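Look at the sequence and the fold shown here.

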Amino acid sequence: MKNLIILGISAGLFIFPFGNRPLISTPPIHMAEEGTEDPELPTDPIKVTQTNLTLEVLSSTQIVYSIENNLEATVTFASSNPAVATVDAVGMVSAIAPGTAVITITAVISGKTFTKNITITVPSLEGSVSFKYNELQLHRGSAHQLEYTLSNANLAEKDIIWNSSDPSVVSIENGQITGNSIGTATISATIGDQTSSIVVNVIVPLEQLEFNPSTLSVIEGETIEIPGLIYVPYDATGKRDALYSIEDASIVDFIDGQLHAVKVGSTRVFATIDGVVAVLDITVTPKQSETGGEIIELVVKGETGSSLIYGVSNTPESTNKRYALVLPVEKTNNALAENKEIIIALPELFLKDDMKMLDSLKINKEILETIQDKPLSVRVTNDKQKDQYRLTMIHSFDKDVDLKLRLNKLSPTSQLSTLIDGRAFTLRMNTKAFPEGTTLSLHASLLDSLPSQMQFFYKVNQDGTLDKVSQDIMVSDDDFVTFNVESDNYVITFNKISNSNDNLIIWVLLGVGVIALGGVGLFSLKRKNKEKSVL
């Protein structure tokens, strides 16, 4: 070979040209000197400085070798375990993972192949990982960098082998975990033969809480279940037991885990879970009767040795509503057992205009069913205890009784007015049936009656006609007019109504009188004519 310089270095042989000839790049080749003949080939021509090398993980080194007598050779390299150590075409070895690998140097000289083995040992790193926490929670969809310390200052994150027991729940990369789905996974960190682990729970935090429904209307005195809750997101993994509270317990309160409407008004109920609050707007409305009247239970206003006085707690401000007043059962039954009279003192607002604000004034059957030997007397007065009327019942009854009545002067346009002479009233009761022997006493002032004045009570039949038989009642010493209640519809007069037979007799007598008077007149006329003819 001419015009060549052969330079042997640890990486192999490189050939540099002179002049304008191109650079020749080939695998490592050892060349003999020009003008010499190949000597007899040695038995072990590949010379190395070390046959055993120790490398740390991720470190590299160059294999140093030579060919004996500078014989021309083609050299290649190979690794028996690339997972532990790799080698490139020029003999650069890289440690990949702990373990052992054999790097084989192969040299082909004059058609003959020679090899040399170098054992590469990659030792396990010494040290361990200590996590700051043994267990932690991770929100689904979020990432978190694990906090830990290394026992060996020479160790680094790259020395740690990370693993997740369930990557579908928690994945790990370079110490950063990501929550993929609800569940639990164990993250392990291994250095050599030392493994540490941390438990990661992937959760879905509660973001919003709502009542279903979020508004509610409850009738006074009613007890209802607490409405259910809506959790957002629906698969939130936190606790589901809410802490409940009420803004105003005087309006709504808890009884045995339910909501009880105490009185009319509006308030709010709160449900709290982990700081997330749901709000229920609740309105307590008055009780209503079947006909839509607002039910008000009467309250005790006073008590004497012979009477129990009821009234309303507050006089209603609105005259556009209708109210259904109810006697308390237990207190009334106790008074009945003590033979006390019940007095209901009503505001003038309830009594005027034909009691139009009253939907009803009821005595419940639970009270009437207890009547035994002692009668029940209920007296209605105004709020100044001026008497209006009194109802007395002496027998038990299995139905409610409504004390409301309507007393009006008979209208001149009424069909009944043609049958009645003088003043008259119509009396309508809200209850169609009463216990046998029930009496109603009207104060004389309601009828403009005078002491010892007689009134006549006529039942009005369903067809609108009057019953022929009347109850003839005189004002009593206590200024009441008392009659037996046998119907819900009466006409009260101050003059007895003649029945149809009486009218017929009157018309007959009138006819006879007219005829008699006519005859006398005719006889007198004939007599005068006769006298004239005589003259």
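The side chain of Thr438 has a polar atom 2.6 Å from the backbone oxygen of Pro435. A polar contact is a pair of N or O atoms within 3.5 Å; within protein, one must be able to donate a hydrogen and the other to accept it, and residues adjacent in sequence count only if both atoms are side-chain atoms. Thr438 sits in the loop between β41 (424–429) and β42 (439–443). Helices (H or I, at least four residues) and strands (E, at least two) are DSSP runs, numbered from the N terminus. Is Thr438 buried or exposed? Thr438 counts as buried because its relative accessible area is 1%, where buried means under 20%, exposed over 50%, and partly exposed in between, with a 1.4 Å probe and protein chains only. Apart from neighbours within four places in sequence, Thr438 is in contact with Leu391, Thr392, Met393, Phe483, Asn484 and Val485; contact means heavy atoms within 4.5 Å.

The model is predicted: local features need pLDDT of at least 70, side-chain atom pairs count only at pLDDT 80 or more, and totals for chains, interfaces and linings use all residues. Residues are numbered from 1 along each chain as its sequence is written, and side-chain values use heavy atoms, with hydrogens and water left out.

Gln455 belongs to strand β43 (residues 454–460). Gln455 is buried because its relative accessible area is 0%. Its side chain and that of Ser449 are joined by a polar contact of 2.6 Å. Beyond neighbours within four places in sequence, the contacts of Gln455 include Leu447, Gln471, Ile473, Val481 and Phe494.

Next come the nonpolar cores. A nonpolar core is a set of buried Ala, Val, Leu, Ile, Met, Phe, Trp, Tyr and Cys residues joined through side-chain atoms within 4.5 Å. The largest one has 52 residues, and Leu376, Leu427, Leu440 and Leu442 have the most contacts inside it. Helix α2 (residues 348–355) gives the most to this core, with four residues. In α2 the buried residues are Leu349, Phe350, Leu351 and Met355. These buried residues pack against strands β34 (323–326), β35 (341–346), β36 (358–363), β37 (376–382), β38 (387–393) and β40 (405–409). Leu442 touches, among others, Leu405, Leu427, Leu447, Phe457 and Phe480, not counting residues up to four places away in sequence.

Now turn to the strands. Two strands pair if DSSP finds at least two bridges between them. Strand β20 (residues 194–203) pairs with β13 (residues 135–139) in the parallel sense over five bridges, and Gln137 stands opposite Asn201 in β20. Strand β20 also pairs with β19 (residues 183–191), in the antiparallel sense over nine bridges. Here Gly183 has Val202 of β20 as its bridge partner. The hairpin of β19 and β20 has two residues between the strands, and in it Gly192 takes a positive phi near 65°.

Which strands make up the open sheet of three? Its order is β23-β27-β26, with antiparallel pairing. The edge strands, β23 (223–225) and β26 (252–255), each pair on one side only. Neighbouring strands of this sheet are turned by 35° against each other on average, direction ignored; the axes are lines fitted to C-alpha atoms, for helices over the stretch in contact, and angles run from 0 to 180 degrees between N-to-C directions. Three bridges join β23 to β27 (residues 258–261), and Thr223 has His260 in β27 as its bridge partner.

Tyr148 is found in strand β15 (residues 148–150). Tyr148 counts as partly exposed because its relative accessibility is 23%. Its contacts, leaving out residues up to four places away in sequence, include Val129, Phe131, Ile160 and Trp162. Tyr148 and Gly175 are 27 residues apart in sequence and 9.1 Å apart in space, C-alpha to C-alpha.

Last, the chain as a whole. It has four helices and 46 strands. Of its 535 residues, 39% count as buried. Among contacts in the chain with a separation of 6 or more, 60% are between residues 24 or more positions apart. The chain exposes about 30500 Å², of which carbon and sulfur atoms supply 50%; accessible areas come from the Shrake-Rupley method with a 1.4 Å probe, and for residues only the protein chains shown count as cover.
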